[in-house]
Amino acid sequence: MPKIVIPTALRQYAGNTAAVDVQGATAGEVLASLTTQHPDLKKHLYDANGKLRSFVNVFVNDEDIRGLQNENTPVKETDDVSIIPAIAGGVGAEARTASSLPDLSKDEIARYSRHLIMPEVGMDGQRKLKAASILLIGTGGLGSPLGLYLAAAGIGRLGLVDFDVVDHSNLQRQIVHGTKDVGRPKIQSAKDRLSDINPHVQLDTYETALRAENALDIIKNYDIVIDGTDNFQTRYLANDASVLLGKPNVYGSIFRFDGQASVFYPGGGGPCYRCLYPEPPPPGLVPSCAEGGVLGILPGIIGVIQATEAIKLIIGEGEPLIGRLLLFDALKMKFRELKLRKNPECPLCGENPTIKELIDYDAFCGITPPQPEPKVEAVSDWEVTPAQLKAELDSGKQITIIDVREPHEWQIGNLEQYGSKLIPLGQFPSRVNELNSDDEIVVHCKMGGRSAKAYGVLKEAGFKKIRNLKGGILAWADQVDPNMPKY
Amino acid sequence: MSVRLTTDHLETIRQHGERTFPEECGGLLLGVVENGERVIRDVLPLENIRKDSRHNRVELNPLDYAKAEREAAKRDLGVWGYYHSHPNHPAIPSGFDLDHAPFVEWSYLIVSVRDGKAEEVRAWTVREDRSQFDEEEIINA
């Protein structure tokens with residue numbers, strides 16, 4: 001008959017014996033035999049859903065059944081089966097001792113009453129929220145709903161990192177900022193709004209970009225990191241710094257009508273962002289929201305999912321998105337879920353990590369940091385400034401203007417009054433034959449990037465008299481025509 | 001319940017924390033339960049088998065645990081607790097500690113080690129419903 005060795009702490013539920021004789025031919029059967037004989041053991045070994053508790057390891061002789069066939073692992077008459085606790089610890093996200101949690105004032109109790117009456121939150125949960133600190137990287141599309149709801153929920157301390165100022169084009173989705181805030185630093189505008197929502201929340205502001213030089217110093221003061229940025233440099237930086245400091249990183253990203261969310265937390269047994277994407281895509285391959293657009297509501301949905309996950313981590317309720325990637329499609333109105341596994345080869349959180357400190361994330365992502373702009377703007381001979389172009393057109397010079405943007409951008413504003421013609425960049429190579437190489441040609445797009453590519457196509461095709469409109473139609477709006485709408 | 005340890009036991013825990021700083025360390029507490037106290041008779045420093053995040057994570061080898069149980073049984077003792085270090089953090093259990101605390105019957109000792117110097121050692125137990133830790137008294141005798 002096989003024996004099961006019981007750990008000291010549980011012997012009182014097993015008739016005070018160190019080893020119990022059991023029946024069965026598999027690990028699952030002998031465990032069932034054990035809990036039939038000693039029903040009191042059940043709640044110590046299994047959770048409320050009937051699953052073996054995470055700390056319960058079952059070994060057959062010297063091998064963990066997880067490395068064998070789990071509960072189907074065969075057990076022979078002579079085998080020793082042992083229940084061995086998994087023992088782990090460490091400095092973690094948050095302290096959860098009753099004695100170390102702050103008390104709630106009468107005002108706070110009134111404010112949070114809808115939380116307090118739910119047993120999953122209750123007084124202890126609300127005090128955990130008050131004791132918690134969360135760093136929000138970015139106060140834009142995702143940062144807005146995150147800040148609003150986390151402040152309202154009573155997180156004790158929120159850190160806000162942003163270097164940007166509020167622009168008209170932000171207001172379609174960045175609902176923490178208002179029309180009256182345009183031109184103000186985003187963190188100032190966000191701070192005003194959040195302290196109005198909940199004066200009990202301490203707000204720390206960092207008017208800076210998160211960089212390798214400051215990331216560890218800023219993040220170390222918070223329990224949870226929430227990444228609300230939409231560039232790869234910051235995403236890898238936030239991931240690496242969070243893993244190095246052992247903090248959970250609540251991830252969200254949005255593009256056009258699609259969103260994603262997950263919780264990256266190797267310290268909590270899950271993968272990190274690098275397990276999922278070891279390397280960034282080549283620069284320019286994945287468009288940003290500024291380039292590809294985003295449905296204004298989408299960051300609301302994804303940001304609120306991130307806020308929900310942060311709160312679950314703090315109060316310790318429910319099943320976190322650790323090891324799961326949630327995908328949302330707004331057009332289909334569907335959520336899907338992918339399982340994420342920790343990559344044992346991960347250079348950051350794998351078995352033999354090679355990344356032990358922060359790196360140069362611009363270089364890693366193939367980005368050349370922006371050079372300080374020279375005072376007098378140099379114009380190369382292949383470019384033309386909006387003012388020059390306007391002067392030439394006014395002088396009656398024949399110029400063929402080619403707009404290489406997309407039709408929906410053309411609809412916002414265009415140079416049709418000067419005879420501009422629309423040939424989207426994607427169609428350019430096949431439509432070069434519509435152009436006459438003897439004409440003076442000026443190509444333009446929104447800001448000058450895509451038209452520079454069109455310029456290259458024409459050059460290759462042997463065109464000589466071509467120039468690119470420097471700064472695109474946005475520069476035209478700034479320098480020539482204030483009635484031209486900007487987007 | 002309270003936990004009883006000698007000054008030597010506490011010193012073993014402190015020294016283990018200092019030796020392994022800035023990484024975390026851990027070990028087991030062998031003893032008996034007598035008159036409502038966990039009386040510790042031996043402190044067993046063990047290896048941290050974590051490969052990553054060793055500065056804020058410790059994990060013990062399950063086979064070391066099994067061996068400790070066998071050794072303890074020979075001496076009529078049992079494994080009644082576990083200690084670990086918190087480098088540059090207070091000796092207060094984290095959420096991670098709570099999620100990974102195996103037994104409500106155990107004493108959990110934490111030593112805070114600041115800049116390589118061991119400071120306070122505090123003892124904690126897990127509530128029956130596993131919702132949180134409560135501090136327990138260390139009787140040093």
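This is a predicted model: local features need pLDDT of at least 70, side-chain atom pairs count only at pLDDT 80 or more; totals for chains, interfaces and linings use all residues.
1. Strand β2 (residues 26-34) of chain B and β3(B) run antiparallel and are joined by nine bridges.

2. β3(B) has another partner to look at. Strand β1 (residues 2-5) of chain B pairs with strand β3 (residues 37-46) of chain B in the parallel sense, over three bridges. Here Arg4(B) faces Val39(B) in β3(B).

3. Next, the place where the chains meet. Chain B puts 40 residues into the contact and chain A puts in 36 residues. On the side of chain B that touches chain A, the elements giving two or more residues are β4 (58-59), α2 (62-74), β5 (78-87), α3 (95-99) and β8 (133-136) of chain B. Sorted by class, that side of chain B comes out at 18 nonpolar, 12 polar and 10 charged residues.

4. Strand β6 (residues 88-89) of chain A and β4(B) run antiparallel, with two bridges between them. If you want a residue pair to click on, Gly89(A) has Val58(B) of β4(B) as its bridge partner.

5. Now over to the sheet in chain A. Eight strands make an open sheet with mixed pairing, in the order β9-β8-β7-β10-β11-β12-β13-β14 (chain A). β9 (202-206) and β14 (334-339) of chain A are the edge strands, each pairing on one side only. From one strand to the next, the twist averages 15°.

6. Within that sheet, have a look at strand β11 (residues 249-255) of chain A and strand β12 (residues 258-264) of chain A, which pair in the antiparallel sense over seven bridges. Phe255(A) is opposite Asp258(A) in β12(A). Helix α9 (residues 232-245) of chain A packs on the sheet and touches β7 (133-137), β10 (224-227), β11 and β12 of chain A. The direction of α9 makes about 170° with that of β10(A).

7. How do α6(A) and α12(A) lie relative to each other? Helix α6 (residues 143-153) of chain A packs against α12(A) at an angle of about 40°, and their axes are 8 Å apart. α6(A) and α12(A) are therefore oblique to each other. Their crossing is right-handed. From α6(A), the residues in the contact are Ser144(A), Pro145(A), Leu146(A), Tyr149(A), Leu150(A) and Ala153(A). On the α12(A) side they meet a set including Gly300(A), Gly303(A), Val304(A), Ala307(A) and Ala310(A). By class, this contact has 10 nonpolar, four polar and no charged residues.

8. α12(A) also meets α5(A). The axes of helix α5 (residues 122-131) of chain A and helix α12 (residues 298-315) of chain A come within 9 Å and cross at roughly 110°, so α5(A) and α12(A) are roughly perpendicular to each other. The crossing of α5(A) past α12(A) is right-handed. Gly125(A), Lys128(A) and Leu129(A) of α5(A) make the contact with Ile311(A), Ile314(A) and Ile315(A) of α12(A). Split by class, the residues of this contact are four nonpolar, one polar and one charged. Keep an eye on Ile311(A): this α12(A) residue is in the contact with α5(A) and also in the contact with α6(A).

Definitions and conventions. Residues are numbered from 1 along each chain as its sequence is written. Chains are lettered from A and ligands numbered from 1 in the order in which they are written. Two residues are in contact if their C-beta atoms, placed from the backbone, lie within 7 Å. Helices (H or I, at least four residues) and strands (E, at least two) are DSSP runs, numbered from the N terminus. Ala, Val, Leu, Ile, Met, Phe, Trp, Tyr, Cys and Pro count as nonpolar, Asp, Glu, Lys and Arg as charged, and the others, Gly among them, as polar. Two strands pair if DSSP finds at least two bridges between them. Axes are lines fitted to C-alpha atoms, for helices over the stretch in contact, and angles run from 0 to 180 degrees between N-to-C directions. Angles under 35 degrees count as roughly parallel, over 145 as roughly antiparallel, 65 to 115 as roughly perpendicular and the rest as oblique. A crossing is left-handed if the near helix is turned anticlockwise from the far one by less than a right angle, and right-handed if clockwise.
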